[in-house]
Amino acid sequence: MLTLFDYLPSQNAWKVRQLLHHLGRPYRTVPVSIFEGEGRSEAYRRINPTGTVPAIQLEDGRVLAESNAILVYLADGTPYLPGDPFGRAKVLQWLCFEQERVESVIGALRHWTLTGKLARRSAEMIEAKRTAAVRTLDILESELATRPFIAGDDYGIADIALFAYASRAEEAGLSLQAYPQFRAWVARVEAQPGFLAEMHPYAIDPHSSRELP
Ligand SMILES: N[C@@H](CCC(=O)N[C@@H](CS)C(=O)NCC(=O)O)C(=O)O
């Protein structure tokens, strides 16, 4: 059976849980207490050299890390990833966008906000992230005005990846008032059969106010 190395409040890990849920694929979970430094153990770094979750281990022992790489692997041959080269590359375009402009921007702001770290960050750093986050939401708003899902007409892994942190923008202190197209897309994703509404707050982890090692 597939193994998922997971940390429940991680929305990067939620992406993988969401796709596994859509696919109805059974898996076992190995929790990694990232704020206690479990990700930096020698044993875990053999699973994922960066020490982060998510990672998966296949039945044959091979390991794969990076949430979006895992999505591409698991979605291959399913309706969640197009089979044609252009369609796949279009999905990859939005997976790259997600890592560069959503996860590392909205995801970072949300992490600092929800775990009490915002006060420990410089005003310049926070302002830079907020400016980048608004630019991201502006781009998504105009793109989503032209089609129902981010990579085209069909829901798929690009939507799952983007949804993970972009949909939580208000938890990062960003207003979604000015983004009706984006909010309509959030509602379309939430209406998908098998949508995994269960997300876990950092508050379930007493160690989450610590800085990552
Ligand atoms: N680009 C990676 C980012 C993974 C990541 O930063 N995961 C966080 C949890 S959301 C983590 O494990 N952090 C622990 C650390 O940085 O030590 C991905 O998409 O999988």
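Leaving aside neighbours within four places in sequence, arginine 110 is in contact with Pro9, Gln11, Tyr165, Arg168, Glu171, Ala172 and Tyr202. Contact means heavy atoms within 4.5 Å. Arginine 110 sits in helix H4, residues 85-114. Arginine 110 is buried, at a relative accessible area of 4%. Buried means under 20% relative accessible area, exposed over 50%, and partly exposed in between, with a 1.4 Å probe and protein chains only.

The model is predicted: local features need pLDDT of at least 70, side-chain atom pairs count only at pLDDT 80 or more, and totals for chains, interfaces and linings use all residues. Residues are numbered from 1 along each chain as its sequence is written, and side-chain values use heavy atoms, leaving out hydrogens and water.

The protein chain has seven helices and four strands. Their order along the sequence is β-α-β-α-β-β-α-α-α-α-α. Helices (H or I, at least four residues) and strands (E, at least two) are DSSP runs, numbered from the N terminus.

Values for the whole protein chain follow.

| Property | Value |
|---|---|
| C-alpha span along principal axes | about 45 × 45 × 25 Å |
| Buried share of the 213 residues | 48% |

Of contacts between residues at least 6 apart in sequence, 72% join residues at least 24 apart.
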